[in-house]
Amino acid sequence: MNFSTLVELDKKNLWHPFTPMEAWCDPEHEPLCLVKGEGVYLESQHGTRYLDANSSIWANLHGHAHPTINSAIAKQLELVSHTSFLGFTNPPAIELSEQLLSLLPGSSLQKVFYSDNGSTAIETALRMSLQYWSQNGHPEKDVILSFDRAYHGDTLGAASLGGIPLFRGSASGLGYKSHLISNLEALESLPADRISQIAAVIIEPLIQGSAGMRLWPKGMLKQLEIWCRKHDIFLILDEVMTGFGRTGKMFAHQHEEVEPDFLCLAKGLTGGYLPLAATLTTQRVFDGFLGKVEEGRTFYYGHTYTGNALGCAAALANLQIFGEENTLEKLSSKIEHLSKRLEEIREHPHILEVRQCGLIAGIEITRSKQPLVPYEAAELMGAKVCLHARQYGILTRPVLNTLVIMPPLNITCEQIDLIVKALMQSVEDLCGN
Ligand SMILES: *Cc1c(COP(=O)(O)O)cnc(C)c1O
């Protein structure tokens with residue numbers, strides 16, 4: 001099938017996520033059809049190469065078509081692609097659990113529960129929290145505390161904890177009993193009877209992604225942990241975005257030596273190749289579900305593709321590459337390099353703020369700084385700038401007016417320069433001066 005036929009069929013048949021479909025289906029709109037990837041580059045239907053500057057939405061870690069991940073998947077494919085994890089087990093799923101836990105030496109996280117994506121990893125942690133309290137003497141603990149501008153996924157449960165009204169959408173007023181707070185200070189003013197109802201606190205550690213790459217103050221996570229311990233409230237860390245090196249350490253919470261009760265992983269778990277997620281938890285939580293079958297303490301939750309062998313094989317290869325390519329060791333110089341480049345653009349008249357956490361950066365653009373006149377959301381300026389940057393060989397997506405840089409970890413400093421330059425050129429071209 002030629003590409004113009006494919007694009008026609010796309011518009012005829014498909015419905016894309018987070019996409020205003022009227023604009024998508026406009027005859028004038030020719031979507032990019034990605035046909036191939038190699039390292040940090042993706043190739044379109046026209047043979048044009050683009051740098052994947054947001055890691056195909058925060059997922060890819062070591063580049064596309066990496067031989068180690070490709071061959072691990074192919075090797076597993078020869079054996080078997082998928083078998084059920086209900087009542088059965090399989091070698092890659094077992095080996096992966098051991099590898100994941102070994103990334104957290106000394107941690108009390110000792111159990112791994114698989115699912116398919118970030119939202120289900122969160123859902124798992126929430127359900128485990130609520131069921132734990134309900135069958136271990138504290139049925140009154142049934143409220144989940146989350147933060148303003150938080151994003152934890154799109155299933156009803158995960159969305160009901162979200163702090164971004166647009167993304168709550170039809171989940172508004174439904175889902176978990178939740179309580180939104182804006183910051184740590186707000187915790188201190190919670191009345192004791194409210195605190196006693198809280199089952200768990202959920203947070204994106206160090207940086208809120210979908211909020212526009214917003215950083216928490218240094219030390220905040222540690223303070224939150226202390227508060228949770230004081231009140232015996234579970235701490236759920238959503239490291240769906242921050243996990244696997246993005247922040248400079250394997251996991252974001254390791255920057256503040258925090259001990260969560262739940263750690264939710266997805267996006268980068270397979271290096272960005274296949275849908276797989278993991279929720280890690282403690283022996284204490286696990287033990288709270290033990291008992292005779294008739295006691296009804298079992299965790300009745302799961303998905304068909306739990307423990308998928310191809311996904312687990314990809315995840316094992318992903319972790320293997322961290323060792324073979326010294327991915328984490330090489331990160332600090334790249335992070336510093338990105339900082340330097342961001343520092344240079346900080347004073348630009350259309351740059352309101354630059355925010356960085358490891359190899360994650362947000363560049364917030366504005367119409368003018370003095371006086372402060374932001375772009376209206378409806379102007380879609382962030383989206384226009386990112387679209388324009390394709391001319392300069394860069395693919396990324398904004399969060400409203402925040403341009404996102406989140407490249408695969410195997411990016412080079414020269415390629416970081418290319419990304420910043422392309423985005424700034426696009427800002428110049430579109431925002432005028
Ligand atoms: C992407 C994301 C999710 C949801 O993951 P999906 O795989 O899209 O369901 C949850 N939390 C955070 C922080 C994310 O970035």
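**Exercise 1.** How are α15 and α16 oriented to each other, roughly parallel or oblique?

*Solution.* This is a predicted model, in which local features need pLDDT of at least 70, side-chain atom pairs count only at pLDDT 80 or more, and totals for chains, interfaces and linings use all residues. Residues are numbered from 1 along each chain as its sequence is written, and side-chain values use heavy atoms, with hydrogens and water left out. Begin with the helices, which are DSSP runs (H or I, at least four residues) numbered from the N terminus. Helix α15 spans residues 381–388 and helix α16 residues 413–431, and they pack at an angle of about 120° with axes 9 Å apart; the axes are lines fitted to C-alpha atoms over the stretch in contact, and angles run from 0 to 180 degrees between N-to-C directions. Angles under 35 degrees count as roughly parallel, over 145 as roughly antiparallel, 65 to 115 as roughly perpendicular and the rest as oblique, and α15 and α16 are therefore oblique to each other.

**Exercise 2.** Work out how α14 and α16 are oriented to each other.

*Solution.* Helix α14 (residues 327–345) packs with α16 at an angle of about 25°, their axes being 10 Å apart. The two helices are therefore roughly parallel to each other.
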